[in-house]
Amino acid sequence: MKKIFITIIVLFLAGCGGGLSSSWNNFTAYYNTFYNAKNDYRSGLKKVKQQPVQLNPDVPIRPHPAPVNAGSDDFEEAINKGALILRRHSDSKWTDDALLLIGKSYYYRQEFFLAIQSFEELVEASTPNRLRQEAILWKGRALLDIASYGEGISFLETQLADSAHSWSPDLESEVKVMLAQHHAMLENWQQSASILEPAILRVEDRALKGRSYFLLGQVLQFQGDLTRAYQAYSNVEPNFPDYEYIYWANIKRAEVSRLNGNFDLAISIYRSMLSDDKNFDHQNALSFELAQTYEQEGEVRKAEMIYKNILSSPRSEQLSLLADTYYQLGQLYSREYNDYRLAAAYYDSSSSLSRQIQNASDQSATQLATAYGDYISLKNRIAKVDSLIALGQLNPQELDSALVAVRRQKRALLRDKQSDDQQEENILTNVVQDTSSDPVGGEPESSRFGFLNYRNARMVEAARQQFRARWGNRPLVDNWRRTNAILSTSDETQSTVPEGSETPQNGLTDRQLGIDLREIPQTLQQKKEKRKERLNLQYRLGNLFFLTLNQPDSAQYYFRKVLDDTTDSSLEPQTLYSMFKLYELREKPDSAAKYRQRILDKYAGSVYARRIEGGQLNSDALENTADTTEKLRDKVQKLLSRQEHTPPNAERAEHLRNLALENRDSPLAPSIYYQAIREYIRVAKAADSSVADTSNYQGIPDSLNIDTLRYSRTEWNQVRALLDEFKEVFPAAPQIQTVDQWSQVINQTGTNGLLTCKELNITPKVTPDMPTFLQAIKLPERLKGLSLSGSLTYRLEINTDGTVNSFELISNPTNLGIEEAYEKAMKAQLRFEPIDLNGKGKTETVSCEVDFPIKQ
């Protein structure tokens, strides 16, 4: 009996031995290794979370933040101890947890490919469901860090659609937030918002929820849905993500309010933030935004006062903010007050601070004055074209009233300028007399040197150089403008006043006031030409900011205006290339790639596409440092020696242009650029089918006025752009007179305006009828159920067979998406009955204004 009992005990122990051994293995694996690995991981994670949050609110933020350089040693220890579990306790239940811990530690050490490998092992293995779901989330996070957005979207969508996962609600919502982040990085705003908005509601982590609302606000703002963006930003603070997120969410609330035209709400938000002690370190930045809001609202005096308070604030230590403030004051004085002298001083201060920030080399006062003089000139020309376009929209009675006001304003401005000239000359005289003696000691510097330091000899000399750069060798005598005006018109005393001009009053005619009624566009074609002129000026202004003033943000603003305007597509390829280079220089590869692809898709075979595909042309032409004069001369001679007896070559011309721009401080630069223009002209002439013989490739005539040239091909647009760029970059070059002559020749037009329906006394009729056309219009879904009324007025170019060439909205926009719906229908099916000219012309196209009722 005793023997049987012992046998039973042995059999029982043998049966239980496997379970006891497994439990003991799990126990030792956890407390000897995994427990310590988790502690090391937590220690590293704590250090990560202690790092200050750095947020760029202008790009999509990450609800799951990117790793930072902290806790690296702790994470390495966690990896080593986690690896011990895999080696020594491979059959324990903690192996999957250890593998996930290793992957997360690799992630925080920014060893993303090793991290992804660990997560993939968990996803593909028979891992417990929740661990597999966590691995999916973390792999999506790592793909975000290596910018594999397309792969991330594909992977996450596949895993979310896999019914085998039985997703837990909290992890599923987190993975969807991650998926929305990938879409946002590809600027798929609509997809991102549609995924993100419902997913946020199920996120349990409040800080993550707050950050997700911030991203949702950004995505909706990029979409243009400002009302919903405001609400999303408002949901950030109640979830307590972090001070930086709350601060920028409030800034964004004010920003979208401002964009929505609700300036009072924006001002209220900024003032509330200014009164919050937590924002003490941001007082000047908030004041700057408040000033911008007042400026946009039209309260320019309030804005000016706040800008000047920022400059005098003891906390004004951030150079970039000071530079922006000086810049905004320059904008105010040039745009609102037309005081270009003070504007140039503010721009000068802004540029000086910008150079300090960027550690750029100093430029002389003359170069700065020339650059800002070009800026002022271009801005004035754009403003003038805008005014002419506006005047061209008025009826005769409104135009007469407007001209009376313009003449009154011009006379007042002339009197003010003459008074300013007198004061300026008196100041210069006093400075010359006073600079040899010291001021009374003990006075503060601002009092000793006077307003804008006009008694400081060094600063006065700098101002004198700027003055000469702006005005040249004008006589320093009283009433010099009046004298010049009298001399310039003395030979015209026998001529009559041009038709439509004002009868001289106070001794001043329209011509003396600088008013030429012939400049006001009357026909549709003339108005189109004015819009093209404005577009060209905006492109040149963007070029000036990009190439000369080194202000890429301002350059980007004007380049986008050019790309958004469909008036003239000839500027699109070079503008796209400028945007590509701008983003490339700012180290934003995704944005640069977008413009690069647009050039390759739309302008394949162009010089810009070839330049992109060929890298940087010849590397010696684009070195980061300027060549010596001798080395530069050798390069140019080699290029020009190849020019003889060879066909025109756009790439060679680009090579010369780049050489000139990269070495613009060299005395050879204007001549090199001039040769680039000549080569481009040869290219344009060779491409112009109206030129019968292009076999002689030796040189080109300095006179381009050849009757057979039409100057209408795309190649001539490139020549125009280069001529404009030469005048901006090398305004004092000896070749400038020839360049000006070339510009006048190739920019000349001989087009006539279109006949209007009003002139023909006809009313175009929609076929089959207007109600049928209106039924085809699908208004935005958000407008359903609303009571809509009113009409949209379009100017149409209609062929005599009833087809529509083009259309232009001339009534006020609704900003509700109605215009887009109407224009989509116009493109698809708007037709008119054939037009009878009633024997008043032989044109094939007429211009008509047509009202379209707004109906649901």
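What percentage of the contacts in the protein chain with a separation of 6 or more comes from residues 24 or more positions apart? After that, please look closely at the packing of helix α7 and helix α8: at what angle do they pack, and which residues make the contact?

Reply: The model is predicted. In the protein chain, 66% of the contacts with a separation of 6 or more are between residues 24 or more positions apart. The chain has 856 residues, and 45% of them count as buried. Its secondary structure comprises 34 helices and 4 strands.

Now the part you asked about. Helix α7 covers residues 169-185 and helix α8 covers residues 189-200. Their axes are 8 Å apart, and the helices pack at an angle of about 160 degrees. Angles over 145 degrees count as roughly antiparallel, and α7 and α8 are therefore roughly antiparallel to each other. The crossing of α7 past α8 is left-handed. On the α7 side, the contact is made by Ser173, Lys176, Val177, Leu179, Ala180, His183 and Ala184. From α8 come Trp189, Gln191, Ser192, Ile195, Leu196 and Ala199. By type, the residues of this contact divide into 8 nonpolar, 4 polar and 1 charged.

Two other places in the chain give some context. One is Leu722, which lies in helix α30 (residues 714-729). Leu722 has a relative accessible area of 2%; the cut-off for buried is under 20%, so Leu722 is buried. Apart from neighbours within four places in sequence, Leu722 is in contact with Arg657, Tyr673, Ala676, Ile677 and Tyr680. Val739 is 17 residues from Leu722 along the chain, and the C-alpha atoms of the two are separated by 9.7 Å.

The other is the sheet. The 4 strands form an open sheet in the order β1-β4-β2-β3, and the pairing is mixed. Strands β1 (755-756) and β3 (804-809) are at the edges, each pairing on one side only. β1 pairs with strand β4 (residues 845-853) in the parallel sense, over 2 bridges. Thr756 has Ser847 of β4 as its bridge partner. Helix α34 (residues 818-829) lies across β2 (791-799), β3 and β4, and runs at about 25 degrees to β2.

Definitions and conventions:
Residues are numbered from 1 along each chain as its sequence is written. This is a predicted model: local features need pLDDT of at least 70, side-chain atom pairs count only at pLDDT 80 or more; totals for chains, interfaces and linings use all residues. Side-chain values use heavy atoms; hydrogens and water are left out. Axes are lines fitted to C-alpha atoms, for helices over the stretch in contact, and angles run from 0 to 180 degrees between N-to-C directions. Angles under 35 degrees count as roughly parallel, over 145 as roughly antiparallel, 65 to 115 as roughly perpendicular and the rest as oblique. A crossing is left-handed if the near helix is turned anticlockwise from the far one by less than a right angle, and right-handed if clockwise. Contact means heavy atoms within 4.5 Å. Ala, Val, Leu, Ile, Met, Phe, Trp, Tyr, Cys and Pro count as nonpolar, Asp, Glu, Lys and Arg as charged, and the others, Gly among them, as polar. Two strands pair if DSSP finds at least two bridges between them. Buried means under 20% relative accessible area, exposed over 50%, partly exposed in between (1.4 Å probe, protein chains only).
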